[in-house]
Amino acid sequence: MSVFATVFAPIFGVVGLFGVASLLYAEFGGRFSLGPISAVPPGTTLSDEDKRKFRVIGAVLLVICFVMLLGGFLLNSGGGKKEDKSEPTPDPVSSSPSVTPSETQTPDPTPTPSPSPSKSSTPTESPQQPEKISLASLTPLNENVNLQPASLNGEEYLDLVREDPVKCGKEEMTYNIGKKYSKFTATAGLYDDYNERDAPSWIFAVYANDGSGDRELFKKKMKFGDAQPINVPIKNAIRLNLVIQWVDPGYSVTCSPLNSYAAVWARPTLTP
């Protein structure tokens with residue numbers, strides 16, 4: 001429904017009614033009331049001049065109403081036809097591209113295959129393997145390890161474990177390694193501040209225990225200035241034991257617990 005039919009047509013109809021009422025009012029000589037537009041009180045007789053004025057007003061209102069109504073309907077109907085001609089409703093069937101069903105359903109002759117997950121991209125579930133670590137990162141069972149830096153044959157080491165047995169004594173460091181490693185490497189020797197006059201040599205030894213007792217992997221008598229590389233297998237070993245032991249020089253030596261010496265196991269590494 002157009003705006004003219006819903007809004008302006010009723011307004012023009014009311015104007016037309018007032019025009020007809022004005023004509024009737026003049027013809028009946030003002031013997032009925034027109035409300036706010038009454039020229040004289042009801043029941044009085046209009047003069048000829050007043051009748052003429054109401055006839056003119058009524059005629060003018062009717063002409064205006066007729067002209068506006070006619071023009072509005074013509075404009076509304078004419079505009080609707082133009083819109084129908086200029087913008088026809090597209091036929092959903094005829095407006096679609098004329099293609100045969102075979103053309104619309106023909107797949108791409110060279111379709112791109114979707115990538116399938118390769119076997120290499122799928123993470124394999126394997127037990128986590130231990131990494132190579134320094135023995136200094138573990139705590140020995142006796143918990144008396146010394147990790148202070150030391151020099152060995154002029155080279156200073158930061159990654160090391162030290163043993164400080166008393167003079168005429170023996171000291172061991174035992175580590176739980178839980179069968180996780182297959183090789184132990186290190187460089188062993190007496191650190192550069194050692195006083196060789198009190199004890200000329202010490203025994204360095206490495207033992208592994210797989211549950212059937214200690215197995216000797218390395219043993220060597222070493223004096224000040226020696227630096228011995230160690231590379232021994234420790235596969236299936238549950239414990240690793242590092243031993244430093246004083247060697248009696250064969251002459252009278254005063255053994256005092258106040259004197260201690262340092263054995264250095266430099267870069268002690270456990271390898272899976």
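Reader: What is the strand order in the open sheet of four strands, and which way does the pairing run?

Author: In this predicted model, the open sheet of four strands is ordered β5-β10-β7-β8, and the pairing is antiparallel. From one strand to the next, the twist averages 15°.

Reader: Why are β5 and β8 called the edge strands?

Author: The strands β5 (170–176) and β8 are given that name for the way they pair, since each pairs on one side only.

Reader: How do you know that β5 and β10 are paired?

Author: Two strands count as paired if there are at least two bridges between them, and seven bridges join β5 to strand β10 (residues 239–246), so the two strands, which run antiparallel, are paired. As one example of a residue with a partner across this pairing, Glu172 has Val243 in β10 as its bridge partner.

Reader: What makes the contact between Lys170 and Glu172 a salt bridge?

Author: The cut-off for a salt bridge is a side-chain nitrogen of Lys or Arg within 4 Å of a carboxyl oxygen of Asp or Glu; the side chains of Lys170 and Glu172 meet at 3.5 Å, N to O, so the pair qualifies. Both residues count as partly exposed, because that class lies between the limits of 20% and 50%, and Lys170 has a relative accessibility of 48%, while Glu172 has 34%.

Reader: How many salt bridges are there by this rule, and which side chain meets that of Glu155 in one?

Author: The count comes to three salt bridges, and one of them joins the side chains of Glu155 and Arg267 at 3.3 Å, N to O, a value that lies within 4 Å. This pair links distant parts of the chain, with Glu155 in strand β3 (residues 155–157) and Arg267 in strand β11, 112 residues apart. Glu155 is partly exposed at a relative accessible area of 35%, and Arg267 is partly exposed at 43%.

Reader: How do you know that Asp226 and Lys223 form a salt bridge?

Author: The closest N and O atoms of Asp226 and Lys223 are 3.8 Å apart, which is within 4 Å, so this pair also meets the rule. Asp226 has a relative accessible area of 23% and is therefore partly exposed, as is Lys223 with 45%.

Reader: Why is the aromatic pair of Tyr194 and Phe224 called tilted?

Author: By the rule for rings, the count comes to two aromatic pairs. The ring centres of Tyr194 and Phe224 lie 6.1 Å apart, and their planes are at 40°; planes under 30 degrees apart would count as stacked and those over 60 as edge-to-face, so this pair is tilted. It links distant parts of the chain, since Tyr194 is in the loop between β6 (183–190) and β7 (201–209), whereas Phe224 is in the loop between β8 (214–223) and β9 (227–233), 30 residues apart. Tyr194 counts as buried because its relative accessibility of 6% is under 20%, whereas Phe224, at 29%, is partly exposed.

Reader: What makes the pair of Phe204 and Trp265 edge-to-face?

Author: The angle between the planes of Phe204 and Trp265 is 65°, which is over 60, and the rings are 5.5 Å apart centre to centre, within the limit of 6.5 Å, so they form an edge-to-face pair. Phe204 lies in strand β7 and Trp265 in strand β11 (residues 263–271), 61 residues apart. Phe204 is buried, with a relative accessible area of 0%, and Trp265 is buried, also with a value of 0%.

Reader: Which residues form the nonpolar patch on the surface?

Author: The patch is formed by Val56, Val60, Val63, Ile64, Phe66, Val67, Met68, Leu70 and Leu74, with about 820 Å² of accessible area together. Among them, Val67 has its place in helix α2 (residues 48–86), and its relative accessibility of 48% makes it partly exposed.

Conventions: Residues are numbered from 1 along each chain as its sequence is written. This is a predicted model: local features need pLDDT of at least 70, side-chain atom pairs count only at pLDDT 80 or more; totals for chains, interfaces and linings use all residues. Side-chain values use heavy atoms; hydrogens and water are left out. Patches are made of residues with over 30% relative accessible area and no salt bridge: like charges are joined within 9 Å, nonpolar side chains (Val, Leu, Ile, Met, Phe, Trp, Tyr) within 5 Å. Accessible areas come from the Shrake-Rupley method with a 1.4 Å probe; for residues, only the protein chains shown count as cover. Buried means under 20% relative accessible area, exposed over 50%, partly exposed in between (1.4 Å probe, protein chains only). Rings of Phe, Tyr and Trp (its six-membered ring) pair if their centres lie within 6.5 Å; planes under 30 degrees apart count as stacked, over 60 as edge-to-face and the rest as tilted. Axes are lines fitted to C-alpha atoms, for helices over the stretch in contact, and angles run from 0 to 180 degrees between N-to-C directions.
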